[in-house]
Amino acid sequence: KTELTISSGVVTVTRGYHFLDTEGNAATDDLDTVNGGVDGMVVIFSSGNAGRDTTLKDASGNMQLAGDFTLSDPKDSIMLVYDNGLNWWRELSRSNNQ
């Protein structure tokens, strides 16, 4: 697992499992767009810090989710799959374990 820090609402995946952290260690941040990935790639995101909340935004960038989802605890996670034909990351599952 590696940590990705959001920059202007964007991260770039490099592997299948990442912790997310807010830009400038802000208390909250939104993730709109996920760059990188290949067709069929699965990625899991978790919170990198219990004191900083990251909200993945549905359909505001290139993610198709079952609504917005906030990672507010390191035990929370969301799994996405990349569809290269549509340039979308689609939600497979989420787990809110607070």
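In this predicted model, the side chains of Asp73 and Lys75 form a salt bridge, with an N to O distance of 3.7 Å. Lys75 is exposed, at a relative accessible area of 52%.

The structure contains 5 salt bridges. Another of them joins the side chains of Asp21 and Arg52, at 2.7 Å from N to O. This pair connects distant parts of the chain, 31 residues apart. Asp21 belongs to strand β3 (residues 17-21), whereas Arg52 sits in the loop between β6 (42-47) and β7. Asp21 and Arg52 are both buried.

Lys57 and Asp68 also meet through their side chains in a salt bridge, 2.8 Å from N to O. Lys57 lies in the loop between β7 and β8 (63-64), and Asp68 in the loop between β8 and β9, so the contact ties together parts 11 residues apart in sequence. Lys57 is partly exposed, with a relative accessible area of 22%. Asp68 is partly exposed as well, at 40%.

Strand pairing involves β7 on two counts. Strand β4 (residues 28-31) runs parallel to β7 (residues 53-56), and 4 bridges join them. Within this pairing, Thr28 stands opposite Asp53 of β7. Strand β9 (residues 69-71) runs antiparallel to β7, with 3 bridges between them. Here Thr55 faces Thr70 of β9, standing opposite this residue.

Note on methods. Residues numbered from 1 in each chain as written. Predicted model: local features only at pLDDT ≥ 70, side-chain atom pairs only at ≥ 80, totals over all residues. Heavy atoms only, no water. Pairing = 2+ DSSP bridges. Salt bridge = Lys/Arg side-chain N within 4 Å of Asp/Glu carboxyl O. Buried < 20%, exposed > 50% of the residue type's maximum accessible area, 1.4 Å probe, protein only.
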